[in-house]
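Please open the structure in a viewer and keep the sequence at hand.

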Amino acid sequence: VTEAQALQIVSTHCVACHARRPTHESFKEPPKNVVLETAADLKRFAAGVAQQSVQSKAMPLGNATNMTDQD
């Protein structure tokens, strides 16, 4: 997966909540202070992203964005 592809996936499925200024109505700040807006952010939080979205499928919450296994 290229950096651009990873950022696109995160933009689609994560950034509404995990942004410096979330747009999701339930959050005024990013949950657990995890921001996923840049490649550097993704690298910093890679282990947590892998655990929460890839392994446990806990994120996105309730799979609200219809994240697929391929994503």
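The model is a predicted one.

**Stop 1: the largest pocket**

Begin by selecting Cys-17, His-18, Pro-31, Met-59 and Pro-60, the residues nearest the centre of the largest pocket. In total, 24 residues line this pocket, and its volume is about 510 Å³. To see which elements take part, colour helix 1 (3–13) and helix 3 (46–55), as these are the elements that give two or more residues to the lining of the largest pocket. Helix 3 gives the most, with 4 residues.

**Stop 2**

Next, turn to the second largest pocket, which holds about 440 Å³ of space. Select Ile-9, Ser-53, Val-54, Met-67 and Asp-71, which are the closest to its centre among the 20 residues that line it. Helix 1, helix 2 (39–44) and helix 3 are the elements that each supply two or more residues to this lining. Which element gives the most to the lining of the second largest pocket? It is helix 3, with 5 residues. By class, the lining of the second largest pocket has 13 nonpolar, 3 polar and 4 charged residues.

**Stop 3: Ser-53**

Remain at the second largest pocket and centre the view on Ser-53, one of the residues closest to the centre of that pocket. Ser-53 is located in helix 3. Is Ser-53 buried or exposed? Its relative accessibility is 13%, so Ser-53 counts as buried. Display the backbone of Val-49 as well: the side chain of Ser-53 reaches the backbone oxygen of Val-49 at 2.7 Å.

**Stop 4: His-13**

Now select His-13, which belongs to helix 1. His-13 counts as buried because its relative accessibility is 9%. The side chain of His-13 makes a polar contact with that of Thr-65, at 2.6 Å. Leaving aside residues up to four places away in sequence, His-13 touches Pro-60, Thr-65, Asn-66, Met-67 and Asp-71. Of these names, Pro-60 was met at the centre of the largest pocket, while Met-67 and Asp-71 were met at the centre of the second largest pocket.

**Stop 5: Cys-14 and Cys-17**

Select the cysteines Cys-14 and Cys-17 and display their sulfur atoms. How many disulfides does the structure hold? There are 0. Cys-14 is in no disulfide, and the nearest cysteine sulfur, that of Cys-17, lies 8.6 Å away. Cys-17 likewise is in no disulfide, with the sulfur of Cys-14 as its nearest cysteine sulfur. For a pair to count as a disulfide, the sulfur atoms would have to be within 2.5 Å. Cys-14 is buried, with a relative accessible area of 15%, and Cys-17 is buried as well, at 16%.

**Stop 6: Leu-61**

Finish at Leu-61, in the segment after helix 3. Leu-61 has a relative accessibility of 53% and therefore counts as exposed. Leu-61 and Pro-30 are 31 residues apart along the chain, and their C-alpha atoms are separated by 13 Å.

How values were computed
Residues are numbered from 1 along each chain as its sequence is written. This is a predicted model: local features need pLDDT of at least 70, side-chain atom pairs count only at pLDDT 80 or more; totals for chains, interfaces and linings use all residues. Side-chain values use heavy atoms; hydrogens and water are left out. On a 1 Å grid over the protein atoms alone, a cavity is a set of points where a 1.4 Å probe fits but cannot get out, and a pocket is an open set with protein on both sides within 12 Å along at least five of seven lines; lining residues have an atom within 4 Å of a point. Grid points are joined across faces, edges and corners, and a volume is the space filled by probe spheres set on the points. Ala, Val, Leu, Ile, Met, Phe, Trp, Tyr, Cys and Pro count as nonpolar, Asp, Glu, Lys and Arg as charged, and the others, Gly among them, as polar. Buried means under 20% relative accessible area, exposed over 50%, partly exposed in between (1.4 Å probe, protein chains only). A polar contact is a pair of N or O atoms within 3.5 Å; within protein, one must be able to donate a hydrogen and the other to accept it, and residues adjacent in sequence count only if both atoms are side-chain atoms. Contact means heavy atoms within 4.5 Å.
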